[in-house]
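Let's take a walk through this protein together, from its overall build to what sits inside. Have the model open as you read.

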Amino acid sequence: MAEQNTEKAMPKSYPNDPCPCHSGKKYKHCCQKETARTRYLWDKFHAIWQDPRYVMDSLTKTAQGMSDFFNERMAKLEKPLFFALNPEEPCIVRTYDLKDAWLAVFQKMPVPLDFTMDAAHELEKLLYLEAGFPKATVREGQNADAYLATSLNHMLSAPYIDSNILGYGFDMVSMLVHELQVQLPMLQNYPTEEKLSSYDRYLIGCLLIQQLLKWHLVDSTYTCPYIPVYQMKFPMILEECQKRFQFILDHGYDSPEKVRFLLEHFIQINHLEDTLEVCEA
């Protein structure tokens, strides 16, 4: 049997077609001239370059607050930001560091209304990285445990990033409810607490602390909806996480120095010194 060629062909555009980047120009007067950029984006990301004016116009019309957020927050970026479109991208938007620039690859454009805060969060993350916040990484030879580092980083970075978005009027509660709908079935599929591995205890703990911090941003008097689930299945983890959550609130997590201390602290108390280390983002 002949071997199948599974490589995806780049969409064909003819000179007089409207340019796929949505610039409004004909292809021959726009991206046909940018063959190297087009080829690079397709080969590396299966994405098509998007005209920044079209992206900015689309984003600023999607939801209350997005116009101010986009114009004010993105103007603070030190590196240029480029845009591309890939309908098969699993997330509504994912950002990449191209060393000399940032790239944001969108799944849909315009962004659906229900996902505008998700998009804002991913773009705000670029400012977090440029501000020099450190991150936990796996030590050499420990790549199989990369998710340990990712979980710890998200525990602190996601609430901080959202705290900078709240002032623009986004519907954070809807985003948190969406996260709950995704994560609740996952939590219910875990075994009971006494049967959990140390690896799973760590992941479940990081998730709860992150959500306690996020819901605290919305209303410090509100009971985080994850708590009843943990009371039923993971009561000891809940007790530990509530203490660690309060420790983070008391210490603060709004500067690179504070985050470095917290990352090193949590690596130590979880006995992960041989697996994880803290480095610059």
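Of the contacts in the protein chain with a separation of 6 or more, what percentage comes from residues 24 or more positions apart? The share is 65%, where a contact means heavy atoms within 4.5 Å.

A word on conventions before going on: this is a predicted model, in which local features need pLDDT of at least 70 and side-chain atom pairs count only at pLDDT 80 or more, while totals for chains, interfaces and linings use all residues. Residues are numbered from 1 along each chain as its sequence is written, and side-chain values use heavy atoms, with hydrogens and water left out.

The protein chain has 10 helices and 6 strands; these are DSSP runs, H or I of at least four residues for helices and E of at least two for strands, numbered from the N terminus. Along the principal axes, its C-alpha atoms fill a box of roughly 65 × 55 × 35 Å. Of its 281 residues, 46% are buried, that is, under 20% relative accessible area with a 1.4 Å probe, protein chains only.

Now look inside. A nonpolar core here is a set of buried Ala, Val, Leu, Ile, Met, Phe, Trp, Tyr and Cys residues joined through side-chain atoms within 4.5 Å. The largest one has 75 residues, and Phe69, Phe106, Tyr230 and Leu276 are among those with the most contacts inside it. Helix α7 (residues 198-218) gives this core its largest share, 10 residues. Follow Leu276 and you will find that, leaving aside residues up to four places away in sequence, it touches Thr137, Val138, Arg139, Leu148, Ala149, Leu152, Tyr202 and Ile267. There is also a second, separate core of 12 residues, including Cys19, Cys31, Ala47 and Leu103.

Methods:
Buried means under 20% relative accessible area, exposed over 50%, partly exposed in between (1.4 Å probe, protein chains only).
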